Amino acid sequence: MKTIHCLMSGGVVASFLFAAAAFLPGSAETIPYLLESEPPSTSPDTFIWATDPGVRYDLWESGDLDDWQRVDGFPMEATGLSMEYAFTPDTRKFFRIESLDEQPPLVAGQYPAVDGFAVGRFADITVKLEDATGIDPATIQLTVGALGTFAESSTELTFAAETITFDSGGDTALGGWGETITATLVVDDTLGNRLTHTWSFRLEPEPQAAEGIFVFGSPTAQRAGQRVVGPAAALASRFPAPAGPQRANDPPPWEIDEVLADRIVITYEAGGAPAFSDGQLICNLAPATESEIFYRRVLSTTDDAANLELTVMTEDADLTEFLPQGAVAFSPDSVVYETGADGTLVRALSVDGEVTFPRVGYDLSGTSLALREDGFEFTLADLATVSVGDDPDFLTVTADEWFWWLTPRLNVALETQGFGVKSFEAIASGQVSTALALDISALLVGAKTETTLFDLPEASEPKHVVLIGVVPIPIPPFGIPVYGVLGFDFLVKSEAEAQVLLESGFAWRQEFNASFGVDYTQAEGLEWIRSFQASAPDIEPTTLDLTGEFDLKLILEPRLEFLVYGLAGMRASIEPSGGLHTWASTSGDYGGQLEADLDFVLGTAGLLPEAELSLNVWHDEWPLTDQELVFKTQPSSQTVAPNAGVSFTCAMDAPSPPSFQWFHNGSPIPGQTSRSLFLPRVNAGHAGGYFVRATVDRTSPLEDLIADSEVATLTVQEEAPKNVDSDGDGVPDIHETNTGVWVSDTDRGTNPYRWDSDGDGLSDGAETNTRSYVSRGDTGTDPNEWDTDGDGVNDKREIDLGRDPSSDLTPVAESFPDAIGDVSVGSFPALDVRSVTVIVDDWRQRITFKIELEGDVFDLGWGKYCIGIRSSNGGDTAGSAWERPISMPSGMTHWIGSWVDTGGWAGVWAYQDGNWGAAPSGAANTQANISINGKTVAISTSLGSLGLSLGETFQFDVYTTSGGGGDSAADALSISTPSVTSWLEPYASVAPADFTIPNP
């Protein structure tokens, strides 16, 4: 019996048959035909061709290429990766295979991405499609949030090159600041197969910046006299000058002369020195060198009028101090600069969403290494020579071929909120090419070495500076530039041991695609992005002359780094290594193997949580001696979601490189003849058993070596589409299990087809199952139980009454009154305390200070509301965490500070080890919750953050104050008369209140 293999789409026809290919009239592609060999045979043959599961195929046969007959039983749907047809070749036959396009179009790429963030409010929406027969433009319907549904005939929609683009022309925003937009695309292919694709993404929040920022190089700065030259000037000129009257005469010019770690030197012409105030934030839109990129705070200025030189003393500031709320991502306004040898910036290219950088890496061919017992000599191509020690060489290695190249692409987006990073994404990807070919000689000395041979000097490291974008702000002078840097470095290391006289060598070449990076959100933490797809390596072992043992491993450690200046970033190290391990004895026994590894280390930097991931991506070994055909690594069973990519691989001991053939459910998969099998976008038809057959062909009288791997089972889970929300309760179906039992925050056990499973009037999406009261919109009740605490009162009724629906215990509260009209630093009713109510919730875990005021806080807009705590003996008797002239005679152990500006914020500081931690820089030990409602400010935090425990009695005082760094308590709960008569007058709490935390 003969087996005929056919590769579709222009593949190779193999086996004992003659192959031909023709293009049929009306056919959309070149169709392979298989012709049976002559003379005709009576033994059965099997015709096998590659398929995609779920696709239907038609099979036709002919004896003359003119009259075609459909084979009985076809069209037939493929249930695996191949189909077969058994026939008896009683005459010459041709076969024709046609795949029937019955699948909807495939989304090959899109922007914004699913669950994307920092998307511009006026950004374009693009969806690239793939389909065998093409797209029917007349069927396109794209629904964008509340904007409505658009067809191809709409002026906002265009369709070209299989890509749908929605563009409002910059006139209409996709939605409001920070709004989550849901988009739905409905489209048919030319055969009527319909795709419905729904996804969501988040728009950029409304930017909020610190006041009084000075941006060097901005239109405002240039109008004030700054002169900007070089490529940055061309960039700055792209932005319009600020509105307002123009001066009749230009001001005297000035420019940045030097930027040092703690100061900025400015030269000017007479009368042209710019003015800066102490504490002012400054940054630079138009740097001439990388060192001129800065985010700083002005400490002081010194004017040397005689030499026309102004020195501005500075300290570094975080980007989030400039932009407490905002977002930026790669956009058409982003710019990439190459860094020259002298640190100057050169305009390289503009970008559009994703940027492809010039390739980085090194060709180290010609490198030589001589190892000694007391050192080594290393010549790195024509870059450097390093020599240590003077003993005779026991090992010499020449790398006839050695290179590593990466063509990187980069996607970056970030979003700040409340002086911190809310979301950050940095993903690098690209194609890597690497090769290592060694010529080795070793002398018997019994020595061993592990050393770093070379570290690329910093001045030689390729680097690109990226102006990701400029965040516009609704206040002068212009906007805040956000910069990043993509850098590259590498190390060369060796591990070697020689106990032999040896002459040998080998070569290893390989390519692979890689994606790696980080995706961080405050809510979900840090997610590693990593994907590697390596091609089969090209290995060339050489004949060895050996009389002992020898080990060698050379490691090239390229490092890629991307950092956002003043904020966060990632560092990645990709370490390919190759080695040779051999042994021999006087009895003639000989063995050896080549080894290759690819290791990957990914870490975070800057303000992201410190973390590191290290893993071996790929390892293989190639034996150099005759031995049995044995699987060292078997394909492993896997369970994956639909549309995931799946890889199966193996590793073998073999006397020579074997050939491979993969099988699915017992049938060979045409074309899959590599050591690894990769299946992109699997579906239910891919499920089943997979194994690989390895074969080493040997000449007579030796029989071929054949071995089958173990069977690995692929299970494809049934999964609801990620963004489908059948009941409209705000929770995707994949997060609702319909089991009727509580599982976890993200596995709610609710009914995905019923928005209110328990009928209590609260949608499942508003019930979090956390079993703790959070807020009116995040109730913590059980979506499968209408009366969570069983007290006979409906959960919704308890929430409306302000009670915790998870417990029939009521909160404990005590009120402390204060006199009104006792504010003497001005007329500020919103700083006049009427009373303070202390509330401990029913689970005795959180404490709330509810401050009632005489005036509306929003009428004032800048009030600060603070609480001093003494939870145990000791504490700070001199002041507070904010270094205000406010103290408690008995010692303050904790400080709660808050403000109502820009939506409000509250934090907790602890006095430990003789200081207030990170204060006064603004970094609290714990962030607290704040609620503002007219004349009421309520601040809530955990008992633990205040060092409090159940049953404890503690002292506290409540103070109102203003935004000045040295301002005192305008009013205090501990005194019924004016606390101070001027803002800078110190205040010590007269009679702090006592409160006892009851046990449950």
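This is a predicted model: local features need pLDDT of at least 70, side-chain atom pairs count only at pLDDT 80 or more; totals for chains, interfaces and linings use all residues.

**A look inside**

Author: Let's start with Cys650, which counts as buried because its relative accessibility is 1%; buried stands for under 20% relative accessible area, exposed for over 50%, and partly exposed for anything in between, using a 1.4 Å probe and protein chains only. Residues are numbered from 1 along each chain as its sequence is written, and side-chain values use heavy atoms, with hydrogens and water left out.

Another cysteine to find is Cys283, also buried because its relative accessibility is 0%. A disulfide is a covalent bond between the sulfur atoms of two cysteines. Here the structure holds 0 disulfides, where a disulfide is taken to be a pair of cysteine sulfur atoms within 2.5 Å.

In soluble globular proteins, nonpolar side chains tend to be buried together. In this model the largest nonpolar core has 73 residues, and those with the most contacts inside it are Phe424, Phe516, Phe562 and Val564. Such a core is a set of buried Ala, Val, Leu, Ile, Met, Phe, Trp, Tyr and Cys residues joined through side-chain atoms within 4.5 Å. Strand S38, residues 479-498, gives the most to this core, with 8 residues; strands (E, at least two residues) are DSSP runs, numbered from the N terminus. Apart from this core lies another one, of 54 residues, including Val836, Val838, Phe849 and Leu860.

If you set aside its neighbours within four places in sequence, Phe424 is in contact with Phe117, Ala413, Leu414, Val518, Asp519, Tyr520, Val564, Ala568, Gly569 and Leu608; contact means heavy atoms within 4.5 Å.

Next, find Ala426 in strand S35, which spans residues 420-442. Ala426 counts as buried because its relative accessibility is 0%. With neighbours within four places in sequence again set aside, the contacts of Ala426 are Asn411, Phe516, Gly517, Val518, Phe562 and Met570.

Let's move on to a sheet. It is an open one of 6 strands, in the order S20-S23-S24-S25-S22-S21, with mixed pairing. Its edge strands are S20 (214-216) and S21 (254-259), each pairing on one side only; two strands pair if DSSP finds at least two bridges between them. From one strand to the next, the twist averages 35°. Inside the sheet, strands S22 (residues 263-268) and S25 (residues 309-316) run antiparallel and are joined by 5 bridges. Arg263 stands opposite Met313 in S25.

Strand S23 (residues 281-284) is where you will find Asn284. This asparagine is buried, because its relative accessible area is 1%. The side chain of Asn284 reaches the backbone nitrogen of Ala286 at 3.1 Å. Leaving aside neighbours within four places in sequence, Asn284 is in contact with Phe216, Gly217, Ile256, Glu292, Phe294, Pro481 and Tyr483.

Another strand to visit is S37 (residues 463-472), which is mostly covered, as 7 of its 10 residues are buried. Its antiparallel partner, strand S27 (residues 335-339), is joined to S37 by 4 bridges. In S37, Leu467 is the bridge partner of Val335.

Ala118, found in strand S12, has a positive phi of about 60° although it is not a glycine. Ala118 is buried, because its relative accessible area is 5%. Glu883 likewise has a positive phi of about 60° without being a glycine, but Glu883 is found in the loop between strand S60 (864-870) and strand S61 (886-887). Glu883 counts as exposed because its relative accessibility is 55%.

Notes:
Axes are lines fitted to C-alpha atoms, for helices over the stretch in contact, and angles run from 0 to 180 degrees between N-to-C directions. A polar contact is a pair of N or O atoms within 3.5 Å; within protein, one must be able to donate a hydrogen and the other to accept it, and residues adjacent in sequence count only if both atoms are side-chain atoms.
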